[in-house]
Amino acid sequence: MAHGSGSNCPSVWHKNYPVAQGNRQSPIDIVPHQALHDPSLGPVVLNYDQCTSMNITNNGHSVVVQFDDSDDRSVIQGGPLDNPYRLKQFHFHWGEKGCHGSEHTVAGNSYASELHLVHWNAVKYKTFGEAATAPDGLAVLGIFLETGDDHRWLHVITDALYMVKFKVSTTVNCFNPKCLLPSSLHYWTYLGSLTTPPLHESVIWIVLREPIIVSEKQLGKFRMLLFTGEEEDQRIRMENNFRPPQPLKGRKVRSSI
Ligand SMILES: NS(=O)(=O)c1ccc(NC(=O)CN2C(=O)C=CC2=O)cc1
Ligand SMILES: [Zn+2]
């Protein structure tokens, strides 16, 4: 999990963020045969066809690609969602070696990494910040990354990582995250939270069952990122930026499968 120094360690987050011990915290361990198949759950629909990507940033705990969310050009809808939710950013969580790195686990098994596409309910709320504190404010699509062959499109992101080795930001050309989806959009869904501070319990989680395959080489490029800024003398490699699974506290996980 997140590197042990200082406030970046999940086990101390509850001191500044008591909600860390709340009733709908994320991530969780998803147990497929205990999930409720809900036939009323329709397919998730992703309308990412126009180019709205803006920049790629090392924000000190992950690498984030930000999107222009001033209109509804890039939205997710359907599935468990009552409204379209606007794409705001996507980012990754990873470990220091292939077997650990994802935040959600499936029957106790971790994946090497997990991609989060973060969306907000612009129908009900005026800003992302306001939505981020509302129980139905955010929808995060989680996609597992498993190591294997090279992913033909992920190199667009991994080839840009050297430019954000330290805590900086740089522009990106059009990048349509639809190219990072697996072939099946079957999903599990449950009510949860942000997995890093402020840990707001405002996320409708949609976790895809099928992982995408990326190479160890591509994943290795994430690990050469640094938590620290260029001006700092201590260089801490950015790895293990994942929170461990949290108690389910009676929540039901539904499946579209
Ligand atoms: N890992 S996760 O649950 O998808 C997760 C997702 C998001 C955030 N935080 C933010 O989005 C913070 N933020 C704002 O409040 C406004 C812009 C911005 O980046 C934290 C965690
Ligand atoms: Zn995340």
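Author: Buried means under 20% relative accessible area, exposed over 50%, and partly exposed in between, with a 1.4 Å probe and protein chains only. Leu194, at 19% relative accessibility, therefore counts as buried. Leu194 lies in the loop between β12 and β13 (203-208), where helices (H or I, at least four residues) and strands (E, at least two) are DSSP runs numbered from the N terminus. The C-alpha atoms of Leu194 and Leu248 are separated by 15 Å, while the two residues stand 54 apart along the chain.

Reader: What should I know about the model and its numbering before reading further?

Author: This is a predicted model, in which local features need pLDDT of at least 70 and side-chain atom pairs count only at pLDDT 80 or more, whereas totals for chains, interfaces and linings use all residues. Residues are numbered from 1 along each chain as its sequence is written, chains are lettered from A and ligands numbered from 1 in the order in which they are written, and side-chain values use heavy atoms, with hydrogens and water left out.

Reader: How many disulfides does a search of the whole structure find, and which cysteines form a disulfide?

Author: A disulfide is a covalent bond between the sulfur atoms of two cysteines, and the criterion used here is a pair of cysteine sulfur atoms within 2.5 Å. The search of the whole structure finds 1 disulfide, formed by Cys51 and Cys174, whose sulfur atoms are 2.1 Å apart. The torsion about their S-S bond is about -100 degrees, so the disulfide is left-handed. This pair links distant parts of the chain, 123 residues apart, with Cys51 in the loop between β3 (44-47) and β4 (53-58) and Cys174 in the loop between β11 (169-171) and β12 (187-192).

Reader: Is Cys51 buried, partly exposed or exposed, and how does Cys174 count?

Author: Cys51 counts as partly exposed because its relative accessibility is 35%, and Cys174, at 57%, counts as exposed. Elsewhere, Cys9 is buried, with a relative accessible area of 16%.

Reader: Which polar side-chain atoms lie by a nitrogen atom of ligand 1?

Author: A polar contact is a pair of N or O atoms within 3.5 Å; within protein, one must be able to donate a hydrogen and the other to accept it, and residues adjacent in sequence count only if both atoms are side-chain atoms. Thr195 places a polar side-chain atom 2.8 Å from a nitrogen atom of ligand 1. For His91, a polar side-chain atom lies 3.3 Å from a nitrogen atom of the ligand, and an N or O atom in the side chain of His93 is likewise 3.3 Å from a ligand nitrogen. The protein covers 73% of the 480 Å² of accessible area that ligand 1 has on its own, by the Shrake-Rupley method with a 1.4 Å probe, where for residues only the protein chains shown count as cover.

Reader: Where does His91 lie, and with which side chains does it make a polar contact?

Author: His91 lies in strand β7 and is buried, with a relative accessible area of 12%. Its side chain makes a polar contact of 2.7 Å with the side chain of Gln89, and another polar contact, of 3.1 Å, joins the side chains of His91 and His93.

Reader: Which residues are joined by a cis peptide bond, and which have a positive phi?

Author: Most residues other than glycine have a negative phi, and most peptide bonds are trans. Here, a cis peptide bond joins Ser26 and Pro27, with omega about 0 degrees, and Pro27 is found in the loop between α1 (13-16) and β1 (29-30). Another cis peptide bond joins Pro197 and Pro198, with omega about 15 degrees, and Pro198 is in the loop between β12 and β13. That loop also holds Leu199, which has a positive phi of about 60 degrees although it is not a glycine, and Leu199 is buried, with a relative accessible area of 0%. Lys249, also not a glycine, has a positive phi of about 50 degrees; Lys249 is found in the loop between α4 (216-222) and β15 (254-255) and, at 44% relative accessibility, counts as partly exposed.
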